[in-house]
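Here is a briefing on a single structure, written for use alongside the sequence and coordinates. Please look at both before reading on.

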Amino acid sequence: MTISPSRFLQQVLQATAPVSHPHDWHLASGVLARWHADNAVELLPALANQEGSHILLSCGIHGNETAPIEVVDSILADIASGHLPLQHRLLVLFGNPAAIRQGERYLDYDLNRLFAGAHRQHADAREAKRAAQLEQLAELFFSRAPAASTRLHYDLHTAIRGSVYEKFAIYPFLQHRAHDTTQLAWLRHCGIEAVLLHSKPANTFSYYTSYYHQAHAFTLELGKARPFGQNDLSRFTGIDQALRQLLSDTTPQLAAYQPGDYPLFRAKYDLIKHSEAFRLHLDANVENFTTLPNGFVIAEDGTQRYVAEGGKERILFPNPGVKPGLRAGIVVEPATL
Ligand SMILES: [Zn+2]
């Protein structure tokens with residue numbers, strides 16, 4: 001299935017003549033579109049809604065994860081045409097335009113490891129400037145939301161590999177806040193099959209907006225990454241429909257979240273690649289959430305051994321190709337709220 005990019009995505013992909021920012025653009029639907037930067041467009045409903053939510057959608061944080069970009073772009077096109085009546089303030093961030101244009105995950109450094117200040121430690125990477133810019137854009141957006149209003153951030157991704165649970169969410173570490181069961185019910189409505197409750201701060205975009213701007217923020221992994229135009233968008237219907245309902249205020253009454261609706265996991269520890277001697281003893285194509293048998297040696301790094309315990313642990317995001325010092329995988333275990 002091929003879609004023709006809307007004027008929004010064209011703007012991001014072509015990086016054409018420099019447009020001064022902010023640049024306002026009235027859509028046929030009465031919605032005001034405001035380009036804040038080459039990768040950032042804010043949409044304001046035709047009728048201001050004091051009770052409305054403030055919704056940040058980000059996609060293309062990893063440049064080769066195209067399906068979410070196509071989903072978001074088709075939503076933007078339908079808002080522009082008036083087909084989808086926007087009821088809430090919306091900011092769309094196309095995370096890493098240079099990497100999107102090249103079809104690469106990143107150019108110099110993984111953008112989704114550079115938030116919450118980490119960009120300062122990698123100032124020479126092109127992604128460091130992007131991380132700082134995305135933080136500023138998110139801060140500006142949420143700073144204009146009244147204190148009591150609902151702030152939402154869904155950071156849309158696809159994974160490099162297959163997964164036992166094709167669609168899953170990562171709930172950033174909340175420090176002192178409780179997990180929000182309304183959000184967990186909404187994730188089920190999106191077709192999310194499992195949720196990882198992160199157990200410590202991270203340098204991801206969703207942790208940044210969750211911690212610094214008190215947003216209900218999630219990283220959503222929605223399937224496998226494929227090049228532009230090769231995505232089977234029918235596999236993304238759940239998130240597409242749920243986002244459209246959210247933006248147009250037409251979400252049906254959802255059943256309350258019940259423990260056991262879908263599996264919850266907690267990050268137990270990270271597999272850190274300390275040196276080039278790091279060896280991961282899993283097949284290169286191993287799926288996310290593959291169960292690790294008790295006693296299985298997951299990885300070795302010189303004298304350090306990572307051994308599975310108990311038989312209920314699972315592997316997430318195994319990637320032995322990362323640079324030394326970085327996370328080469330997460331070992332997770334079943335969790336309850
Ligand atoms: Zn990603």
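This is a predicted model: local features need pLDDT of at least 70, side-chain atom pairs count only at pLDDT 80 or more; totals for chains, interfaces and linings use all residues.

Residues are numbered from 1 along each chain as its sequence is written, and side-chain values use heavy atoms, with hydrogens and water left out. The model holds a zinc ion coordinated by His-62, Glu-65 and His-157, 17 salt bridges, and a largest nonpolar core of 55 residues.

**Zinc site**

- Donors are N, O and S atoms within 2.8 Å of the metal (3.2 Å for Na, K and Ca); water is not among the atoms, so sites may look incomplete.
- The angles among the four donor atoms run from 58 to 146°, and the site is irregular.
- Four donors count as tetrahedral if all angles lie between 85 and 135 degrees; four count as square planar and six as octahedral if opposite donors are over 155 degrees apart and all others between 65 and 115; anything else is irregular.
- Along the chain, the donors follow the spacing H-x2-E-x91-H.
- His-62 sits in the loop between β4 (54-59) and α2 (66-81) and His-157 in strand β6, 95 residues apart, and the pair links distant parts of the chain.
- Helices (H or I, at least four residues) and strands (E, at least two) are DSSP runs, numbered from the N terminus.
- His-62 is buried at 4% relative accessible area, and His-157 is buried at 1%.
- Buried means under 20% relative accessible area, exposed over 50%, and partly exposed in between (1.4 Å probe, protein chains only).

**Salt bridges**

- A salt bridge is a side-chain nitrogen of Lys or Arg within 4 Å of a carboxyl oxygen of Asp or Glu, and the count by this rule is 17.
- Arg-105 and Asp-110 form a salt bridge at 3.3 Å, N to O, and both residues are buried.
- Arg-126 and Asp-108 meet in a salt bridge at 2.8 Å, N to O.
- Arg-126 lies in helix α4 (residues 126-143) and Asp-108 in the loop between α3 (97-102) and α4, so this pair ties together parts that are 18 residues apart in sequence.
- Arg-126 is partly exposed at 48% relative accessible area, and Asp-108 is partly exposed at 24%.
- Glu-166 and Arg-235 form a salt bridge whose closest N and O atoms are 3.0 Å apart.
- Glu-166 lies in the loop between β6 (151-159) and β7 (168-171) and Arg-235 in the loop between β9 (216-224) and α7 (237-248), so this pair ties together parts that are 69 residues apart in sequence.
- Glu-166 is partly exposed at 24% relative accessible area, as is Arg-235 at 42%.

**Nonpolar cores**

- A nonpolar core is a set of buried Ala, Val, Leu, Ile, Met, Phe, Trp, Tyr and Cys residues joined through side-chain atoms within 4.5 Å.
- In the largest core, of 55 residues, those that touch the most other members are Phe-8, Leu-43, Leu-90, Tyr-154, Leu-187, Val-195 and Leu-220.
- Helix α2 gives the most to this core, with eight residues.
- Another core, of 21 residues, lies apart from it and includes Ala-40, Phe-115, Ala-125 and Ala-131.
- Leaving aside neighbours within four places in sequence, Leu-220 is in contact (heavy atoms within 4.5 Å) with residues including Tyr-154, His-157, Phe-168, Leu-187 and Ile-239.

**Strand pairing**

- Two strands pair if DSSP finds at least two bridges between them.
- β8 (residues 194-197) and β10 (residues 264-272) pair in the parallel sense over three bridges, with Arg-266 in β10 as the bridge partner of Leu-197.
- β10 also pairs with β16 (residues 327-334), in the antiparallel sense over seven bridges, and Ile-330 in β16 is the bridge partner of Asp-270.

**Single residues**

- Ser-210 lies in helix α6 (residues 205-213) and is buried at 1% relative accessible area.
- Leu-47, in the loop between β3 (40-44) and β4, is exposed at 70% relative accessibility.
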